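Hi,

Here is the structure I promised to pass on. Have a look at it first, then read my notes below.

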Amino acid sequence: MAGTVREIGRFFLFLLTGARRALFAEIILLSLLSLLDYARYDVTLQMFRRGGMFEELLPPEVHVREQLDFTKFCDQSLAGQLASFDFRRINARLRTAMYLRKNAKAGRPLHDAQAYWKYSAAAYDPLPEQYDIAIAWGQGTPTHFVAEKVNAQKKFAWVNVNYEAAGHQAAFDD
């Protein structure tokens, strides 16, 4: 399993939002993953959303982690969320929803991904494994998650947009 010490070499974690379709960023990641030497690298992929065409196209050597607990929680109905009595996640869900509305009414001073992370971060558990390298594939939530919830010797973010033109605020991400 990824994260344990073996002779195989480097342990990589790629983290992306997850798409049910293969979009531009996902196609680039698929291309990269198809070029890796899996005799030398142990690669794990964490997606916020699982399933769909993208996942079907992954090389078989890629370890795909289970969907994160908070995203599973958010996939439940409101009644299911309330019945869980998971007050940490219920609180994060409510505060995030209220802040996203407030942010929209204020003309979006923060990008939606930054506004989302401001209150939802508390609901995500850190990944237990240790990685040599963690790569957030795309800006926004994957970048925040890798920065705050992944234990890795080196962390990188692959940003595929003009950060400022997309409305991201650098001060939030410092």
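Before the rest, some ground rules. This is a predicted model, where local features need pLDDT of at least 70 and side-chain atom pairs count only at pLDDT 80 or more, while totals for chains, interfaces and linings use all residues. Residues are numbered from 1 along each chain as its sequence is written, and side-chain values use heavy atoms, with hydrogens and water left out. Helices (H or I, at least four residues) and strands (E, at least two) are DSSP runs, numbered from the N terminus.

Back to the helices. H6 and H7 (residues 141-149) pack at about 35° with their axes 9 Å apart; axes are lines fitted to C-alpha atoms, for helices over the stretch in contact, and angles run from 0 to 180 degrees between N-to-C directions. Tyr 116 and Trp 117 are among the H6 residues that meet H7, where Phe 145 is one of the partners (contact means heavy atoms within 4.5 Å).

On H5 (residues 87-105), the axis comes within 8 Å of the axis of H6 (residues 112-120), and the two cross at roughly 150°. This crossing is right-handed as well. The H5 side of the contact includes Tyr 99 and Leu 100, and the H6 side includes Tyr 116 and Tyr 119.

H5 gives the largest share of the lining, four residues.

Finally, there are 13 aromatic pairs (ring centres within 6.5 Å). Phe 12 and Tyr 41 have ring centres 5.2 Å apart and planes at 75°, so they are edge-to-face (over 60 degrees; under 30 is stacked and the rest are tilted). Phe 12 lies in strand S1 and Tyr 41 in strand S2, 29 residues apart.

Cheers

Conventions:
Left-handed = near helix turned anticlockwise from the far one by under 90°. Phe/Tyr/Trp six-rings, centres within 6.5 Å; stacked < 30°, edge-to-face > 60°.
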